[in-house]
Every structure is written in structure tokens, then in C-alpha cells.
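Here are a few exercises to work through with the model open beside you. Try each task before you read its solution.

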Amino acid sequence: MPIQHFAPPPHVKSPPLSFATRVGDLLFVSGIPGFDANGALPESFEAQFANVVVNIKRVLDEAGATTRDLAKVNVLLTRASDVAAMNALYAGAFGPPPYPARTTCVVQALPDPKMLIEIEAVASLAK
């Protein structure tokens, strides 16, 4: 079964990776940080979260999916103090229930010290 790769948008400075890969009916979305359309990283957690959601939705749309197709989401935060805000924002972005399965981890650091959040996901493309 061939692997289909989804490249980062041309304006995004990205490490050597695909934004997503499709294998059969599964779409694996790489960890998406909170960069905006200009490649800038806002200071606020809420703005970074909103950017992550926009970018995940763009990747899902490109693959013919929506957030309702998400089966598993992994959320990485650099501050435990953002967990409550993330849960509230997450409910709005990935709801209504039922939500995808999820793991949330507070990590010591992400690749850029200004990154407050990164989300990776797996979606089912079976229709």
C-alpha cells in the first residue's frame, strides 16, 4: 500500500517532515505547533492553540477529512498551568462530543522555547 505525503505549506519553515501521511484509511498528522500564517509564534497560549487548530483543519481538509474523523489526538504542553485553558479551547475546537481519544502531556520543552503547545493526530478516512 503506497504512502501519500502531505507537504507543509510553501510559506512555512519546517523541519524535514511531512505535515501528514496517509496509509490506507489512516491519516497521521505530524505534531503541529502554534505558528501563524506568516511563520510567527504568538505569545499567548490561546493564539497558539487557535493556530494549531487552523493548521490541523487545513491538513485534514487537504486529505478530505474533518475534525469529526479524528480517532486519536496527542497534546503536548510546556506549562501545566495551560491544561484548564486547553481543555476549554479543545472542547470548542474538537467538539461536540464524542471527542477523539486523547493523551495530554506536559513536557519540559518543545523545539522552539516559545512554543507552548503542539498537537499531533490520527484520523480515519474510511467513509
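How many salt bridges does a search of the whole structure find? The search finds 4, where a salt bridge is a side-chain nitrogen of Lys or Arg within 4 Å of a carboxyl oxygen of Asp or Glu.

A word on the ground rules: this is a predicted model, in which local features need pLDDT of at least 70 and side-chain atom pairs count only at pLDDT 80 or more, while totals for chains, interfaces and linings use all residues. Residues are numbered from 1 along each chain as its sequence is written, and side-chain values use heavy atoms, with hydrogens and water left out.

**Exercise 1.** Check the span of helix α1 against its number of residues.

Step 1: Helices are DSSP runs of H or I with at least four residues, strands are runs of E with at least two, and both are numbered from the N terminus. Helix α1 covers residues 45-62, which is 18 residues.
Step 2: The expected span is 1.5 Å times one less than the number of residues, so α1 should span 26 Å.
Step 3: The end C-alpha atoms of α1 are 26 Å apart, which agrees.

**Exercise 2.** Is N51 buried or exposed, and which residues does N51 touch?

Step 1: N51 sits in helix α1.
Step 2: Its relative accessible area is 16%, so N51 is buried.
Step 3: Contact means heavy atoms within 4.5 Å. Leaving aside neighbours within four places in sequence, N51 contacts G34, F35, D36 and P42.

**Exercise 3.** Compare the cover on the two partners in the D69 and K127 salt bridge.

Step 1: Their side chains meet at 3.2 Å, N to O.
Step 2: The pair links distant parts of the chain, 58 residues apart: D69 is in the loop between α1 and β4, and K127 in the segment after β6.
Step 3: D69 is buried because its relative accessibility is 16%, whereas K127 is exposed at 76%.

Technical notes:
Buried < 20%, exposed > 50% of the residue type's maximum accessible area, 1.4 Å probe, protein only.
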